[in-house]
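Here is a short briefing to read alongside your structure.

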Amino acid sequence: MKRIVLVTGANSGIGLALCERLLATDSEIHLCLACRNTQRAMAARSALLHSHPEADISLLKVDVGDMNSILEAAKEIKKRKVVRMFATGEGLLTQEDHVNVDGLQKVFATNVFGHFILIKELEPLLCCPSMTSQLIWTSSSNAHKSAFSLDDYQHSQGTESYSSSKYASDLLSLALNRQYNRRGLYSSVTCPGLVMTNLTYGILPSFFWTLIMPIMFLIRFFTNSFTLTPYNGAEALVWLYKQNPESLDPRAKYHSCTSGRGNNYVKPKKMDLREDTAEAFYKQLLELEHKLRQKVGVTEEANK
Ligand SMILES: NC(=O)c1ccc[n+]([C@@H]2O[C@H](COP(=O)([O-])OP(=O)(O)OC[C@H]3O[C@@H](n4cnc5c(N)ncnc54)[C@H](OP(=O)(O)O)[C@@H]3O)[C@@H](O)[C@H]2O)c1
């Protein structure tokens with residue numbers, strides 16, 4: 001049976017490189033590019049079809065930071081079947097944040113809660129008795145425990161929204177495994193390393209990165225986390241795709257690594273997570289979900 005793979009953030013950077021690599025790995029997949037901008041999504045699809053003319057690629061319009069957009073997209077996906085889902089959407093390294101249309105902190109909504117709602121909406125598809133499903137999060141080495149607090153899990157008070165949201169996605173992955181493994185759904189976390197994408201060009205202009213590129217290639221002989229290209233950064237995502245999800249460690253973050261000689265490999269590292277914090281956070285997400293569903297008038301039961 002054809003595997004169906006949904007990739008958020010598929011139109012650029014690591015998400016686009018991941019799509020390219022998935023098509024090269026498995027020509028039998030149906031790839032669904034989940035993007036908020038139709039033009040950019042169509043450009044990505046054309047580029048992918050250029051290198052893989054036979055590929056089966058569909059588009060799905062979704063802004064993962066907007067509750068209504070997620071609910072609409074979920075309705076659309078339910079008509080298809082999704083068994084693998086990669087979350088590579090968003091990432092604000094600037095740590096700048098504000099409240100979005102749903103009254104949520106934007107970074108939290110986009111990096112964590114939007115994907116959580118999407119998973120909840122797709123539960124009937126993802127928890128299918130006859131097969132296992134896989135969720136793969138693109139986290140970061142910037143996921144700091146010190147940036148996250150259960151009392152302010154949206155990080156409305158602090159100045160480290162990005163770090164907090166990435167730590168929150170690590171916690172959520174752990175909690176999802178506890179909740180869903182027995183129903184055939186498995187969640188894993190990756191770190192792409194330092195990659196040159198729109199995200200990094202948002203912190204410092206691209207000419208600066210180009211200028212220091214030779215130095216970064218040299219540093220790669222001493223640290224393996226300077227993956228630098230989106231292709232290399234997608235290594236752990238592609239590696240996880242090829243594994244049996246049941247064999248993976250739910251407490252590990254799978255890091256994409258590149259050696260000084262340019263060889264890619266994956267290194268699992270234990271995450272600094274507490275089971276009780278993950279459970280408490282999961283409960284808070286369920287409460288927030290309930291509140292927001294009441295606000296937009298779509299109940300959990302409507303999804304059953
Ligand atoms: N680059 C790094 O060094 C690095 C390091 C650690 C972790 N990461 C993580 O890697 C992931 C991918 O980032 P990247 O480096 O590849 O950056 P990127 O090139 O900027 O890609 C981000 C993608 O997310 C999409 N996106 C942003 N907001 C969205 C929204 N509200 N709804 C739907 N899609 C949205 C963007 O679409 P648009 O084109 O419409 O904006 C884009 O396709 C992020 O989660 C990031 O935190 C990156």
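The axes themselves are lines fitted to C-alpha atoms, for helices over the stretch in contact, and the angles run from 0 to 180 degrees between N-to-C directions. This is a predicted model, where local features need pLDDT of at least 70, side-chain atom pairs count only at pLDDT 80 or more, and totals for chains, interfaces and linings use all residues. Residues are numbered from 1 along each chain as its sequence is written.

- Helix 4 (residues 106-121) packs against helix 11 (residues 275-296) at an angle of about 80°, and their axes are 11 Å apart; helices (H or I, at least four residues) and strands (E, at least two) are DSSP runs, numbered from the N terminus.
- From helix 4, Phe113, Phe116, Ile117 and Lys120 meet Leu285, Leu288 and Glu289 of helix 11; contact requires C-beta atoms, placed from the backbone, within 7 Å.
- Sorted by class, this contact has 5 nonpolar, no polar and 2 charged residues, where Ala, Val, Leu, Ile, Met, Phe, Trp, Tyr, Cys and Pro count as nonpolar, Asp, Glu, Lys and Arg as charged, and the others, Gly among them, as polar.

- Ile57 belongs to strand 3 (residues 56-61).
- Leaving out residues up to four places away in sequence, Ile57 touches Leu31, Leu33, Arg45, Leu48 and Leu49.

**Two positive phi angles**
- Most residues other than glycine have a negative phi.
- His155 has a positive phi, near 60°, in the loop between strand 5 (133-138) and helix 6 (161-180).
- His155 is buried, with 23 other C-beta atoms within 10 Å.
- Leu228 also has a positive phi, of about 70°, and sits in the loop between helix 8 (206-219) and helix 9 (230-233).
- Leu228 is buried, with 21 other C-beta atoms within 10 Å.

**Confidence**
- The protein chain averages a pLDDT of 90, and 92% of the residues score at least 70; pLDDT is the predictor's confidence in each residue, from 0 to 100.
- Over residues 89-94 the pLDDT is below 50, and this stretch has 21 contacts in the model beyond near neighbours in sequence.
- Where pLDDT is low, the predicted coordinates should not be read in detail.

Conventions. Contact = placed C-beta atoms within 7 Å. Buried ≥ 20, exposed ≤ 12 C-beta atoms within 10 Å, placed from the backbone.
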